Amino acid sequence: MAGKVEAPVLGGKIEIPKVQYGASKDQRVIPAKPDLMQKLNFPSERPPDWRERFLEKMAEVIKKYRSVRLFLDICVRCGACTDKCHFFIGTGDPRNMPVYRQEMMRSVYRRYFTTGGKLFRKLAGAEDLTEQMLEQWATYYYQCSGCRRCSVFCPYGIDTAEITYAAREIMDSIGIGSKYTLEIINKAETIGNNLGLTEPALRNTLDFVEEEIKENTGADVKLPLNVEGADILLVTPSADFFATPHIESLTGYAKVFHQAGVSWTLSSYASEAANFGLFVGNYAHMKAINKRIWDMARQLKVKRVIIGECGHAWRVLYSFSNTLNGPFDFLDSRYKVPQHICEFTLDLAKKRAFKFDKSANDNFTVTFHDSCNVARGSRMGDTPGDQFTMPRELINLTCNKFFDMPEGTIKEKTFCCGAGGGLLTDELIDLRLKAAVTRMQAYKDVKEKHNVNFLALICAICKAQFTKILPYYKYDMEEVGGVHQLISNAIVLGAKEGV
Amino acid sequence: MDTLSIVFNLLAYAAASIFIGGLLYRIVQYFNTPSPLKIPGTPAPKTSIGVVFRLLPEILFFRTLLRGGVAEKILWVGGWFFHVSLFFILFRHVRFVTYPVPGFVMAVQQIGLAAAHLFPFALLILIVRRFLNDRMAVISLFQDYFVLFLLLGIGLTGIILKYFLRTNLVDVKAFMLGLVTLSPAPVPHSPVFLIHVILAAILVIYFPFSKLLHAWGVLMSPTRAQTDNPREVRHVAPWAK
Ligand code: SF4
Ligand code: SF4
Ligand code: SF4
């Protein structure tokens with residue numbers, strides 16, 4: 001894309017655009033280099049017989065995943081999903097309509113896997129697996145953040161994310177991968193976190209956070225690393241150690257643990273909650289990354305595992321972990337395995353373990369962005385839907401002013417930040433700006449109605465995305481932060497009530 | 001029996017076998033395809049009973065469509081009335097294959113007749129809405145119109161048979177009863193009736209190999225039919241051990 005990247009102008013209302021063919025066809029991820037592909041057990045480049053291999057892999061995926069097979073078969077093209085994806089709303093490119101994104105795979109499926117498609121070809125909606133088709137796959141299956149919003153509105157719950165991730169897995173198997181996503185997977189599997197932070201670097205940041213807390217509050221709050229025999233292993237997205245505003249939430253977790261009086265530790269080996277294996281639909285990589293956490297939990301002999309603020313990480317840990325690397329019979333069964341940091345904090349807050357000074361957050365008028373992987377792919381607490389109420393309860397315990405964004409843009413119907421699912425990479429900045437337009441419109445709405453100036457959330461990718469794009473929309477990047485950042489501001493250290 | 005009758009009897013049996021065989025094949029195929037991971041669309045029920053209560057309103061009232069905007073509401077009206085009238089029309093047809101006709105089938109004859117009138121209008125909504133916006137135009141395929149017009153053809157020939165070119169119902173019943181009792185009888189030589197039967201046979205044959213499988217879909221869809229209890233119960237599919 002030549003020229004300057006600019007954010008769309010906000011009208012304050014979400015408008016459904018006219019269809020514009022090819023509007024975002026130039027937004028493509030940078031391909032992974034051969035050596036990286038090889039490191040992750042994929043072919044280093046596209047083999048001459050790529051078509052056969054592609055179709056073999058596709059057959060395998062269809063056989064292994066009921067979701068993929070069923071979704072390919074049963075879509076009736078009713079159109080209910082067509083205007084529900086933020087990538088379509090942002091770009092107008094028809095390939096970003098969920099059903100039309102699926103059609104790329106479905107048309108190949110018809111051509112090679114169904115009798116009707118083999119016989120009647122185009123008339124039956126079947127398409128050959130050509131270079132152009134492959135190019136479309138490589139483009140538009142990387143313009144989906146796997147947010148599952150389309151699934152909410154589909155009468156059969158067809159989840160385009162399942163198709164997207166399967167498509168990426170098929171492309172990886174013929175040597176076509178995304179540099180950004182695969183590099184991260186490689187770092188997570190070899191070093192232990194997405195940022196490639198080593199143990200000394202990690203210890204350094206933790207010391208820094210300890211000093212900051214000491215300076216600001218006078219309290220000796222510790223951030224322990226690799227402590228055997230601690231009660232709790234905390235696993236957070238590694239951005240929490242490094243990036244702003246993420247580190248403010250890390251400060252929040254530390255203060256909460258300190259104040260709760262529990263023994264806890266971080267691990268350098270399992271220093272990453274995020275799991276990009278999900279984004280490429282690869283079971284083996286997802287399992288390998290996830291395994292580090294449970295191996296460490298065993299090795300450090302902890303009783304509980306608690307997960308920091310991260311959307312898809314929570315989905316993998318909540319929904320898939322038990323399948324991937326369970327059963328976790330070596331942990332204390334009185335607690336949820338694993339437990340979300342919001343579950344931990346709210347539980348104790350309700351038992352009056354903490355004292356909050358809400359006025360510390362009085363310069364903020366807060367709204368909450370439901371991160372889609374938490375909202376639509378997991379749960380917190382005991383009741384379905386607690387993933388919506390619990391973070392809001394925490395905000396209300398620590399802030400005086402809270403307002404929700406308009407219905408239809410929050411909770412189950414929340415809009416993605418626009419950079420999840422492996423799209424948080426610089427080459428896609430134009431796409432990310434456009435995909436964020438739905439969230440930005442909703443944010444603008446509460447800004448105008450209630451003077452909101454803080455977008456709270458519980459996802460590391462969302463935090464990074466919003467920090468990056470808010471300035472393009474002429475908002476201050478400091479308007480975004482974690483729920484535990486607000487808790488960190490309000491929690492009164494030393495003063496203890498109850499428990 | 002004349003040749004025509006033999007042909008139509010064979011057609012009916014062929015269609016029925018392909019329909020039943022095809023559906024069974026599909027159902028077995030879906031059952032044998034595992035769901036390796038827990039992927040319910042949350043908030044989701046925690047128990048199987050809860051799942052039943054999640055699916056019932058979907059099946060009976062197409063609840064999801066009511067969550068959408070205007071386009072989905074139009075679709076709801078067309079889709080819901082189409083399916084409900086199809087149901088009653090089929091029910092009304094039971095009188096052709098039972099003897100004596102059970103009381104409850106007699107009881108719905110009038111509703112069935114009303115449904116037959118509604119049927120083409122519901123289909124018309126479903127056809128017209130495919131032209132309502134540019135997004136629908138992009139995604140609609142030949143096969144989408146094919147089924148709609150096929151159904152419309154079946155509905156209209158049915159209405160013609162009822163009001164305009166009436167066939168001898170005794171003959172129709174003899175033919176149909178013959179089919180289900182495996183004692184083939186001659187087919188009525190009414191062109192409209194024959195077209196009605198041919199179209200219905202095409203639909204039935206096409207069913208297991210097409211998007212019409214969506215009838216099963218919602219029951220099997222992991223995003224809607226799975227329970228949300230991954231922390232409590234370990235879910236493992238055979239290949240993923
Ligand atoms: S809402 Fe579902 S069935 Fe309708 S077009 Fe989209 S994916 Fe297909
Ligand atoms: S999963 Fe999200 S990003 Fe992907 S097609 Fe559906 S709505 Fe769009
Ligand atoms: S980054 Fe946040 S909003 Fe975006 S996909 Fe992930 S969870 Fe959803």
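As it is a prediction, local features need pLDDT of at least 70 and side-chain atom pairs count only at pLDDT 80 or more, while totals for chains, interfaces and linings use all residues. Residues are numbered from 1 along each chain as its sequence is written, chains are lettered from A and ligands numbered from 1 in the order in which they are written, and side-chain values use heavy atoms, leaving out hydrogens and water.

The C-alpha atoms of chain B fill a box of roughly 65 × 40 × 35 Å along the principal axes. Of its 241 residues, 49% count as buried; buried means under 20% relative accessible area, exposed over 50%, and partly exposed in between (1.4 Å probe, protein chains only).

Chain B also carries a nonpolar surface patch of about 860 Å² of accessible area together, with Val70(B), Phe81(B), Phe121(B) and Leu132(B) among its residues. Patches take residues with over 30% relative accessible area and no salt bridge, joining like charges within 9 Å and nonpolar side chains (Val, Leu, Ile, Met, Phe, Trp, Tyr) within 5 Å. The areas come from the Shrake-Rupley method with a 1.4 Å probe, and for residues only the protein chains shown count as cover. Helix 5 of chain B gives the most to this patch, with five residues. Helix 3 (70–97) and helix 5 (109–128) each supply at least two. Phe81(B) sits in helix 3 and, at 34% relative accessibility, counts as partly exposed.

Over on chain A, Glu211(A), Glu212(A), Glu215(A) and Glu248(A) make up a negative patch. Here Lys and Arg count as positive and Asp and Glu as negative, with His and the chain ends not counted; a charge is placed at NZ of Lys, CZ of Arg, CG of Asp or CD of Glu. Helix 11 (residues 199–217) brings the largest share, three residues. Glu215(A) belongs to that helix and is exposed, with a relative accessible area of 66%.

Side chains of opposite charge can pair when their charged atoms come close. Lys57(A) is buried at 17% relative accessibility, whereas Glu60(A) is partly exposed at 32%.

Lys447(A) and Glu479(A) form another salt bridge, at 2.7 Å between the closest N and O atoms. This pair links distant parts of the chain, 32 residues apart: Lys447(A) is in helix 19 (residues 437–450), and Glu479(A) is in the loop between helix 20 (460–469) and strand 7 (480–482). Both residues are buried. There is also a network of salt bridges, which includes Arg77(A), Glu103(A), Arg130(B) and Asp144(B).

Notes
A salt bridge is a side-chain nitrogen of Lys or Arg within 4 Å of a carboxyl oxygen of Asp or Glu. Helices (H or I, at least four residues) and strands (E, at least two) are DSSP runs, numbered from the N terminus.
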